[in-house]
Amino acid sequence: MKKIVAALALGALMVVTGGAAEAKDWKKIRIATEGAYAPWNATDPSGKLVGFEIDLAQDLCKRIGAECEVVAQDWDGIIPALQQGKYDGIMAAMSITAERKKVIEFSNPYGTEPSMFGIPKTSPLAAAKFGAERVDLTKDTAENKAALAKLGEVLKGKTVGVQTSTIQANFMEKLLPSVAIRTYDKLDNAGIDMAAGRVDAIFGDRSAVSAVLEADAAKGMVLFGPAFSRGVLGDGVGVGLRKADKDLKEKFNKAIADATKDGTITKLSTKHFGYDIAIK
């Protein structure tokens, strides 16, 4: 559920490239993932890509009737490489946002989860109370406003680590502009810096933050504050596609609908996350 793309600065150029495309039979579909955002996608010690999106990609391609090849791609170049035809789709915990939709197309969402902060267990931040466990950023309620105001208050003078060009970085810049942030190529590296005392908190998708907190480098860390969703954090995670490939979008939409209806997405997400992220 992460990530606003750094390449949006090239948006106008990319949109131009999204014109008419050659008709394809889609017997083979190449899908890019980051391989560094567990449990959505990761790389095991042998170098093999693993995770929820790897398993789901194979399932969706099977429903489409296509051979599926999943390839690793660094996050910073993931949209430009799609536009250049290096692969056909992106499944990399990429949240559907208005900014990204100016540049690429998306399938319907196949999952969603909130964003949360992680902090050292011994941090004074752990004592903060917010009056809300979940904050839907599309709802302008007094409770939500109070929770955001409290967050800004307790994070004043602190530094938050986020992955570069993500929806969480966008959240911080738009909703908590007075709080310092430090950006990282991977959330794992933000966790290492938090364990070393170089940042006070990290912010990302709940599952990704939890994975960092469970890593050896960040033992003794805990989730912190409300769970935030929607608004600047996007409308769920979907398959990123070229605007020209409308037929492939239709195929993915049907496959996602079928995988949701028969419980496959619930089964796979429960396996990898420990809870259901399917959109029903």
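For the elements I took DSSP runs numbered from the N terminus, helices being H or I of at least four residues and strands E of at least two, and for the angles I used lines fitted to C-alpha atoms, for helices over the stretch in contact, on a scale from 0 to 180 degrees between N-to-C directions. Contact here means heavy atoms within 4.5 Å.

I note that this is a predicted model, in which local features need pLDDT of at least 70 and side-chain atom pairs count only at pLDDT 80 or more, while totals for chains, interfaces and linings use all residues. Residues are numbered from 1 along each chain as its sequence is written, and side-chain values use heavy atoms, with hydrogens and water left out.

Next I traced the sheet: six strands form an open sheet of mixed pairing in the order S8-S12-S7-S11-S9-S10, where strands pair if DSSP finds at least two bridges between them. Its edge strands, each pairing on one side only, are S8 (134–136) and S10 (180–184), and the twist averages 30 degrees from one strand to the next. Within the sheet I followed S7 (residues 115–120) and S12 (residues 221–229), which pair in the antiparallel sense over five bridges; Ser115 stands opposite Phe228 in S12.

I then turned to H7, which lies across S7, S9 (159–163), S10, S11 (201–205) and S12, running at about 155 degrees to S11. H7 (residues 187–195) also packs with H8 (residues 206–214) at an angle of about 45 degrees, their axes being 9 Å apart. The two helices are therefore oblique to each other, a class left over when angles under 35 degrees count as roughly parallel, over 145 as roughly antiparallel and 65 to 115 as roughly perpendicular. Leu187, Asp188, Gly191 and Met194 in H7 meet Ala208, Val209, Val212 and Leu213 in H8.

Among the residues making the contact I listed Asp59 and Arg63 of H2 and Lys251 and Asp258 of H9.

Last, I looked up Gln168, which lies in helix H6 (residues 167–175) and is buried, with a relative accessible area of 1% (buried means under 20%, exposed over 50%, partly exposed in between, with a 1.4 Å probe and protein chains only).
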